[in-house]
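Please look over the sequence and the 3D structure shown here before reading the briefing.

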Amino acid sequence: MTVPAFLPTEEQRAVLEHRGQLLVLAGAGVGKTTLLTERVINTIEGGRIPPEQILAVTFTHAAANEMRSRITEKLRERGDATASNEVVVQTYHGFGGQIVREFGMRVGISPKARLLNEAEKWGLLEHVLDRLTFNTIEIRSAGHAFKNILSFVKDAQNHLLTPDDIQVYVERLRNDGLAPKAEPLVQQWEEMAHAFATYQRIKLETGAIDYGDQIAHAVEIMRSFPTIAARIRARHPYIFVDEYQDSNPAQRELLLELIDPIDSNLFVIGDDDQAIFRFQGANVRNILRLPDEPRLAPNPPSVLTLVGNRRSKPPILDIANRIAHGMTEREPKTLTHLQEGQATVGAYVADTEQGEAAWIASKISDLRGLGSDEHQQYAWGDFAVLSRTHETLNVVEQTLKSVNIPSTRARREPLLECIEVDQIRAMLQVLVTPDNDVAMARVLSSPRWRLTELEMRALARHRCIIQAQSEATAGNTYVPRPALIDAVMDVSNINNISPETRHRLCALIDEIQHLTTTAQLEALTHTVKNVIDRGAYLQELSVNSEPEHIEARTAVDAFTTRAASFGGTGLYGVRAFLRFLDRAEEAGDTDISSEEPPAADSSQVLLSTIHTAKGREWPVVFIAGLVTPQKKTAQQDAPGQAPYPLRAQRADLPHFPDEGFTNDSAFLTATEHRDDSLASLAHDDERRLMYVALTRARDHLYVSRAHWAKELKNPQVPVSFWDEILDTGYCVILGDEPVSPANPSLTNPLPPNSKKRSARTSTAEKIEALLSANQVDEALAVALDGHSTDKTWKSVLDNALMDLNLTQSPHRIPEAPENLSLSSTSYSALNNFQACPRRYRHRYIDHLPSRPNPSQQVGSTVHRILAAASSHVSDVIIDDDDHIDGDLHRVLADHPELLERFRKSRWGQRPATYAELEFTLSVNNQIIRGSIDRVDRLENGTLEIVDFKTGKHRSSEELQSDLQLPIYALAASELLGTQPEQIRASLFFLGSDHEWSLDWSIDAATHARRTITKLLKTMTTSMFPKTEDRSKCRQCDFAHICGR
């Protein structure tokens, strides 16, 4: 590779020739990394400086590798290739880790301490969760707790806070007196500080550190041991820092500790206008105030600016400058064009986000067609579509695929969500847990084994036959339910499967037995390779050069590499690896579940968020979705955030005095002032993000927005600087569609298959649509037909596959009749139809979107509180159909009696026999599916069904006509083999401490079945009229469609 000669501009030459410490504020496209590289080369050659005395620091491994590669190539070109190996190029964390490995023993850290990834952090927390107490913080699950704890730890480490720092601060606030409204927040900090301390202790006990420790311990070492700090500074008197505007407080402190105030030579380069990572803790004032740092006072750096842009043609920078000049906190500078020619700049306003995406696709096609037939002017890889949100990119991606424009996302599909990797995991799960029916069903439905839905049901029925035969010979002895693999092993006796399928199942049995035998003795990596080889995954993927197949092949290779690095032997090693992957998946571990972003691909349009696009450029750039973001609740006091008043950059933040915690009025005033001041910073954030996006373009730049998106009830508002862009006079309006009076996606939804989609996306959407209509059997048929499916429904697929169990009954399942209809419904659907046939149609047939139901949040939250408060009760379920008006937190704070009433009830005094007992009830050749919240089997043999309601009781007439308890009673009778006279079913209204019981008998059961049969028949022939009771329309999601 020959590196082009660097021809510096006059302002770049001034940077290269400057002697002494220097801060360079360099605008977009001026060649920051190239200039830093040249400065390193000049320091080595011109100053005769030993290369090992140079330390170059950047943020990401990719940036460090790129810088290292550039230095190597430059030095090799000049005949000094060995010097490049001696220059230290590191990330902040990497260099901090180097200090910890060398001197960590001084602070109790072993030189061999292993660096934890996200999944391993979760593994440590699993061992200490029982040591933690959370009285103030809402804990929904262990995973929810882990995420909050690790977020808190990371935030504290970014501000160099220790658990003791936080505890001392909390004690000081308590000693000064706490206002009642401040007490929950301070208690939250105290609980999280305890979790932080416990996590730090378990890391120390197990000889591990995490990424935050690398910098925190490095700073601690340098501050605590001056002689060590002096040695480290003497090693690297020449320090080069790239992209300093993205540094957080801990990184700033590490850099300052590395600098010798008297004898250092510091070179820092960055662009305050491109400081777009404040949401990750970066502080733009780090770069702006660098010349005034007290540590640098003996030898303050000079400041030079670079504004000559080598990338963009006029007038792109004129627009970017207009956006930048509107920032409130920046160093003044105006970019200038060094490129000649004229760029095309245009704007488009669409009515809907689908229309916006269609316009982008059309424009790409038009530009792609420029040039001669033999040589097109632009390759697909010359186009990029940028947006601040993934939601906008999702719509564009769908549209591009529908018109056969090849595209790719700037981030790879998560490794653990790759279909082929999922199938490999399923086989590994079968090896260690043969009775895992979900894993077995995934294996059976994979393309290699190709079992259809009917064949899968034949296996499920044969499993029931095996159980019936076992029970007949066992007498009164309990017989465990056979697993799906038991039916597969008895393949010779299964009816209703083809000879070809029988042959495939015999081959599968042989393969499972072979893999299980070899896995008992072999290393994990060999077992994984055996599964891949026998499944012929790589061979099948290698015969196709489509991007999806290439990406899948990369994912399979990465999975193999991950297994090799994990280690382990035998089935125990496989089991440990699978547990590791489960934790990684739940944690969203990017080290495990994703790869590095794809390299530039000339054959595909790139779709990217603006944050990911930073540092790249394209001939043609579209910036889509330029609307004001929806307001979000401030998260400064969220459980995952370290105490705001202790943040390292608090001098740069709105003040929150200790006095603000002493009385309620002061606390509310200080909180409101802080949140308002922080919200004003978002103004600069949005402008910086837009500035970065604009300066990615070389020849063509297009901006666009839409009036309507998703299920919004009101039109979107353009970003505040939309008119500024147009007012420059450089941006041509290419289209301005009028705004519809109402959201077209609500008033005239597109049919699911109105546009061409990829096979994977189409299948996923079809399954989700069927499941949303409670048509589980039909969804199962689609899911198991052997086609690959998309990651968007993976969690839904697990639930569908679980349907192979047919029921959660602990007793034998009667075999379904051959003529049983596959159509199914639920109590909720029946209830909706009874209330209003038109509402039922809109929700279950038209699949129109519904607005979020606050009562569901109330119900689920009260459920969690009751479950936590009643640990001796196995589970408590609160129904989601309750109706409590008002804000969720206010409702819970204002209604502590809900928990007290439960505790005093008979259900609060005993454990549940069954909780969330799923059932399928056959009525008139149709299936009603549901889940009974709680069933208790009493000592006298009575089955007591209860459904908890957080609201107040309804009238007896209304309850008498409600079908919920009759359906539950019928299902429980069949499911648990109990006569109607032995069933008691009740509703317990916690809101009014009222119980209502169903009068249940054989006659009542017969009457209920007739009523349900009649209702189901009506549903199949109905024209779905509107309800006559207009009082029900006030809270209906679809009243605007009905005109009520």
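The model is a predicted one, and the protein in it has 42 helices and 23 strands. Buried residues account for 51% of its 1044 residues. Among contacts between residues at least 6 apart in sequence, 78% join residues that are at least 24 apart.

**Nonpolar cores**

- In soluble globular proteins, nonpolar side chains tend to be buried together.
- The largest nonpolar core here holds 55 residues, and the members that touch the most other members are Leu428, Met440, Leu444, Leu459, Leu505, Leu508 and Phe559.
- Helix H17, which covers residues 419-432, gives the most to this core, contributing eight residues.

**Helices packed in pairs**

- Helix H21 (residues 499-519) packs with helix H22 (residues 524-535) at an angle of about 160°, and their axes are 10 Å apart.
- Because angles over 145 degrees count as roughly antiparallel, H21 is roughly antiparallel to H22, and the crossing of these two helices is right-handed.
- On the H21 side the contact is made by Glu511, His514, Leu515, Thr518 and Ala519, while H22 supplies Thr527, Asn530, Val531 and Arg534; by class, this contact has three nonpolar, four polar and two charged residues.
- Helix H34 (residues 827-835) and helix H35 (residues 837-845) have axes that come within 5 Å and cross at roughly 140°, and that angle makes H34 oblique to H35.
- Ser828, Ala829, Asn832, Phe833 and Ala835 of H34 meet Pro837, Arg839, Tyr840, Arg843 and Tyr844 of H35, so that by class the contact has six nonpolar, two polar and two charged residues.

**A mostly covered helix**

- How many of the ten residues of helix H14 (residues 316-325) are buried? Seven of them are, and the helix is therefore described as mostly covered.
- The buried residues of H14 are Ile316, Leu317, Ile319, Ala320, Asn321, Ile323 and Ala324.
- These buried residues pack against strands S9 (308-309), S10 (336-337), S11 (344-352) and S16 (697-708), and also against helices H28 (664-694) and H29 (722-727).

- Most residues other than glycine have a negative phi, and most peptide bonds are trans.
- Pro314 and Pro315, however, are joined by a cis peptide bond with an omega of about 5°, and Pro315 is found in the loop between S9 and H14.
- Leu160, which is not a glycine, has a positive phi of about 55°, and its place is in the loop between helix H7 (142-158) and helix H8 (163-176).
- Ala536 is likewise not a glycine and has a positive phi of about 55°; Ala536 lies in the loop between H22 and helix H23 (537-542), and counts as partly exposed because its relative accessible area is 22%.
- Ala14 sits in helix H1 (residues 10-17) and counts as partly exposed at 37% relative accessibility.
- Ala14 and Leu306 are 292 residues apart in sequence, and in space they are 9.8 Å apart from C-alpha to C-alpha.

Key:
Residues are numbered from 1 along each chain as its sequence is written. This is a predicted model: local features need pLDDT of at least 70, side-chain atom pairs count only at pLDDT 80 or more; totals for chains, interfaces and linings use all residues. Side-chain values use heavy atoms; hydrogens and water are left out. A nonpolar core is a set of buried Ala, Val, Leu, Ile, Met, Phe, Trp, Tyr and Cys residues joined through side-chain atoms within 4.5 Å. Buried means under 20% relative accessible area, exposed over 50%, partly exposed in between (1.4 Å probe, protein chains only). Helices (H or I, at least four residues) and strands (E, at least two) are DSSP runs, numbered from the N terminus. Axes are lines fitted to C-alpha atoms, for helices over the stretch in contact, and angles run from 0 to 180 degrees between N-to-C directions. Angles under 35 degrees count as roughly parallel, over 145 as roughly antiparallel, 65 to 115 as roughly perpendicular and the rest as oblique. A crossing is left-handed if the near helix is turned anticlockwise from the far one by less than a right angle, and right-handed if clockwise. Contact means heavy atoms within 4.5 Å.
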